[in-house]
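Subject: Structure handover

Hello,

Please open the structure below and keep it on screen while you read. My notes on it follow.

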Amino acid sequence: MVIGHTGTIIHKQGQAIKSKGSGIVEGYLISWGTPQDADLEGQYFTPNTDLGLNWFNGNYPVLYHHGLDNTLGIKVIGRITAVKTDDVGLWVRAQLNLADTYAREVYDMVQTKQFGWSSGSIDHLVKVAPDGHIKRWVLVEGSITPTPAQPRKTTVRAFKSI
């Protein structure tokens with residue numbers, strides 16, 4: 001688990017991001033795991049993790065690297081437009097704001113396979129069991145990041161069109 005520069009934002013990386021053309025990106029924001037398949041912090045999500053998906057009606061912002069980038073800072077570069085859970089994890093689709101120069105640059109980098117998804121929560125909305133099982137992780141944002149905690153599960157693949 002990584003704590004942001006404010007001391008309150010924390011995040012977990014999920015599966016790959018795929019670009020779908022016109023600024024649309026998708027992939028697994030969160031992937032299910034086990035104690036044997038934990039992330040670099042020794043933690044893992046399961047289908048029983050409470051993600052609080054009904055808290056914000058799916059209206060989650062997309063940030064670059066959880067706002068930790070010195071140039072971009074905390075700036076919304078897009079919005080998650082679809083969320084679904086399946087046997088792999090929590091899949092999302094997002095629309096990046098291509099009218100924004102930085103969002104366009106991030107989108108271009110996603111197309112060159114340099115990034116993965118990372119979910120963000122706030123420390124008081126997170127509960128982790130002693131064995132690393134993330135019991136509660138109320139999702140508050142999705143980030144596109146170059147430094148995933150699950151490097152085996154964050155290969156980015158680009159698509160030319162929808």
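Start with the strands. S4 and strand S5 (residues 78-85) pair in the antiparallel sense, over two bridges. Strands here are DSSP runs of E with at least two residues, helices are runs of H or I with at least four, and both are numbered from the N terminus. Two strands pair if DSSP finds at least two bridges between them. Valine 62 has glycine 78 in S5 as its bridge partner.

A word on the source. This is a predicted model, in which local features need pLDDT of at least 70 and side-chain atom pairs count only at pLDDT 80 or more, while totals for chains, interfaces and linings use all residues. Residues are numbered from 1 along each chain as its sequence is written, and side-chain values use heavy atoms, with hydrogens and water left out.

Now move on to S6. S5 and strand S6 (residues 89-96) run antiparallel and are joined by seven bridges. Glycine 78 turns up again here: its bridge partner in S6 is leucine 96. Isoleucine 80 stands opposite alanine 94 in S6. A hairpin of three residues joins S5 to S6.

S6 has another partner. Seven bridges join S3 to S6, and these two strands run antiparallel. Serine 31 has glycine 89 in S6 as its bridge partner. Why is S6 described as largely enclosed by the rest of the structure? Because six of its eight residues are buried. Buried means under 20% relative accessible area, exposed means over 50%, and partly exposed lies in between (1.4 Å probe, protein chains only).

Next, tryptophan 32. Find it in the loop between strand S3 (24-31) and strand S4 (61-64). Its relative accessibility is 11%, so tryptophan 32 counts as buried. A polar atom of its side chain lies 2.8 Å from the backbone oxygen of aspartate 86. Threonine 49 is 17 residues from tryptophan 32 in sequence, and 9.1 Å from it in space, C-alpha to C-alpha.

Then the rings. Rings of Phe, Tyr and Trp (its six-membered ring) pair if their centres lie within 6.5 Å; planes under 30 degrees apart count as stacked, over 60 as edge-to-face and the rest as tilted. How many aromatic pairs does this rule give? The count is four. One of them is phenylalanine 45 with tryptophan 137, which is edge-to-face, at 5.6 Å centre to centre and 90 degrees between the planes. That pair links distant parts of the chain, 92 residues apart: phenylalanine 45 is in the loop between S3 and S4, and tryptophan 137 is in strand S9 (residues 134-137). Phenylalanine 45 counts as buried at 4% relative accessibility. Tryptophan 137 counts as buried at 0%.

Tyrosine 64 is buried at 12% relative accessibility, and phenylalanine 115 is buried at 4%. Ring pairs also link Trp55, Phe56 and Tyr60 into a cluster.

One last stop. Lysine 84 lies over the face of tryptophan 91, 5.2 Å from the ring centre. The rule asks for NZ of Lys or CZ of Arg within 6 Å of the ring centre and within 35 degrees of the ring normal.

Best wishes

Methods:
Polar contact = N/O pair within 3.5 Å; in protein donor to acceptor, adjacent residues only side chain to side chain.
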